[in-house]
Amino acid sequence: ISKNLERDEQETISLIPSLPSDIDFNGTKLFKYQSCWYDKKTLQGVLNFQKGFKPQETDIIVASFPKSGTTWLKALTVALLERSKHSSNHPLLSDNPHGLVPVLELRIYTETSKPDLTSFSSTPRLFSTHVPFHTLQEALKNTPSKVVYVWRNLKDALVSLWYFECANLKIKIDEERSLLESMFESFCRGVSYYGPFWEHVLSYWRGSLEDSKNVLFLRYEELKVDPRGQVKKLAEFLGVPFSVEEEESGSVEEILDLCSLDNLKNLEVNKIGKTARGVEHKNFFRKGEVGDSKNYLTPEMERRIDMIIDERFRGADLKF
Ligand code: A3P
C-alpha cells in the first residue's frame with residue numbers, strides 16, 4: 001500500500017500545479033479537474049478512484065451534488081435491495097445510509113488506488129459519488145453499471161449546505177448570515193466544492209438521455225410530491241420491481257416509511273453516531289422541505305440564482 005501511495009501521490013503532485021485553482025467561500029484552495037472544483041484531498045481520491053476502480057456490471061452507484069437528497073436516495077436504494085432479506089435486523093437500523101453506501105472518492109479511494117474491497121463482496125455492490133458524470137464514466141471504463149442521480153433546486157441545496165456547515169462547526173445559525181452570503185457568492189461564480197452546480201446536473205441529465213437503461217435521473221422535489229411513483233420507478237430501474245403481491249401487501253409504503261426523514265432521524269444509530277469522516281449522523285437530517293430557502297435568501301439573492309440557472313439550463317428540458 002505504501003508504494004502505491006507514493007506513486008499516486010507523485011502523480012497528483014505533478015498534475016496539481018498544472019490545474020486552474022481558485023478559493024472557496026471558506027478560504028480553501030480548490031483545483032479544477034475535468035470541469036469540476038475539488039480540494040486537494042478530494043482530488044487525490046478522485047484520481048485514485050478513476051485509476052484503480054474495477055467496476056462490475058452489477059455495481060450500483062448513487063450519485064448527487066452534495067445536499068441534494070443523497071441520504072434519502074441511499075436509504076431507499078438499500079431498502080429496495082434488502083427488502084426480501086430482512087425482517088428484523090435491517091441494515092438501516094444499525095448504520096447510517098452513508099456508512100452503508102460509502103462515497104468512493106471520499107471514503108474508499110482517499111489513500112490509494114488499490115483499496116481493500118473485500119467487505120463489498122456481495123452483489124450488487126453499492127457505492128456513491130459526488131463527481132460529475134463524465135468523471136464517473138472514466139472510472140467506470142465502459143462497464144454498464146447502474147447509476148442513480150438525484151438533484152435538487154440550487155437555492156434549497158445552498159441553504160441546506162449552510163445549515164450542514166454550521167452544524168458541523170457547531171456554530172449558531174443566526175450568527176452566521178455572512179457565511180451564507182459568501183457561500184452564495186461561491187455558488188453563483190460556480191467556484192464551489194464539486195461545482196459548478198449546473199454543469200454537474202447537466203452532465204447527468206445528458207448521461208441519462210444517452211443511456212436511460214443505465215442512468216436514472218431523479219429530482220428531490222418529484223420524490224417529495226410523488227414518492228410512491230418515484231420509488232417504483234427506482235425499483236424497476238434497479239431490476240427489483242415490486243410484484244403485484246408486494247404492492248397489495250403495502251411493501252412500497254413500508255419502504256417509504258422506513259426511509260422517511262422522521263423515521264431515520266429518530267433511529268438511535270442516527271441520533272448518536274458519526275461517519276468515518278467524523279460527521280455526526282444527525283446533521284444529515286433537517287427539514288427536508290421544498291422551497292425552505294425562501295426563509296433565508298433575500299428576493300435579490302433568489303433572483304440572481306434564478307437568472308443564472310435559467311441561462312445555464314437554456315435548451316435543456318429541466319424543471320427548476
Ligand atoms: P434540508 O437541509 O433542506 O432539510 P444530502 O442527503 O444530499 O446531504 O441532503 C440533505 C438534505 O436532505 C437535507 O435537506 C435533509 O434534511 C434532507 N433529507 C435527509 N434525509 C431525508 C429523507 N429521508 N427524506 C427526505 N429528505 C431527507
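In what order do the strands of the open sheet come, and is the pairing parallel or antiparallel? Let's start there, and keep in mind that what we have here is a predicted model.

So, the order is β1-β2-β3, three strands in an open sheet, and the pairing is antiparallel. At the edges sit β1, residues 21-23, and β3, residues 36-38, each of them pairing on one side only. Going from one strand to the next, the twist averages 35°. If you want to look at one pairing in detail, take β1 with β2, residues 29-33: those two pair over 3 bridges. There you'll find Ser21 opposite Phe31 of β2.

Okay, on to the helices. α2 lies across β2 and β3, and runs at about 25° to β2. α2, which is residues 40-52, also packs with α7, residues 133-140. Their axes are 6 Å apart, at an angle of about 40°, so we call α2 oblique to α7. Who makes that contact? From α2 you get Val46, Phe49 and Gln50, and from α7 Thr135, Glu138 and Ala139. By type, that contact is 3 nonpolar, 2 polar and 1 charged.

Last stop, the ligand. It has 22 residues around it, and the closest are Thr70, Thr71, Ser160, Arg286 and Gly288. Which helices supply at least two residues each to that shell? Those are α3 (70-82), α8 (154-169) and α15 (261-265). The largest share comes from α3, with 4 residues.

Technical notes:
Residues are numbered from 1 along each chain as its sequence is written. This is a predicted model: local features need pLDDT of at least 70, side-chain atom pairs count only at pLDDT 80 or more; totals for chains, interfaces and linings use all residues. A residue is near a molecule or strand if its C-beta atom, placed from the backbone, lies within 6 Å of it. Axes are lines fitted to C-alpha atoms, for helices over the stretch in contact, and angles run from 0 to 180 degrees between N-to-C directions. Angles under 35 degrees count as roughly parallel, over 145 as roughly antiparallel, 65 to 115 as roughly perpendicular and the rest as oblique. Two residues are in contact if their C-beta atoms, placed from the backbone, lie within 7 Å. Ala, Val, Leu, Ile, Met, Phe, Trp, Tyr, Cys and Pro count as nonpolar, Asp, Glu, Lys and Arg as charged, and the others, Gly among them, as polar. Two strands pair if DSSP finds at least two bridges between them.
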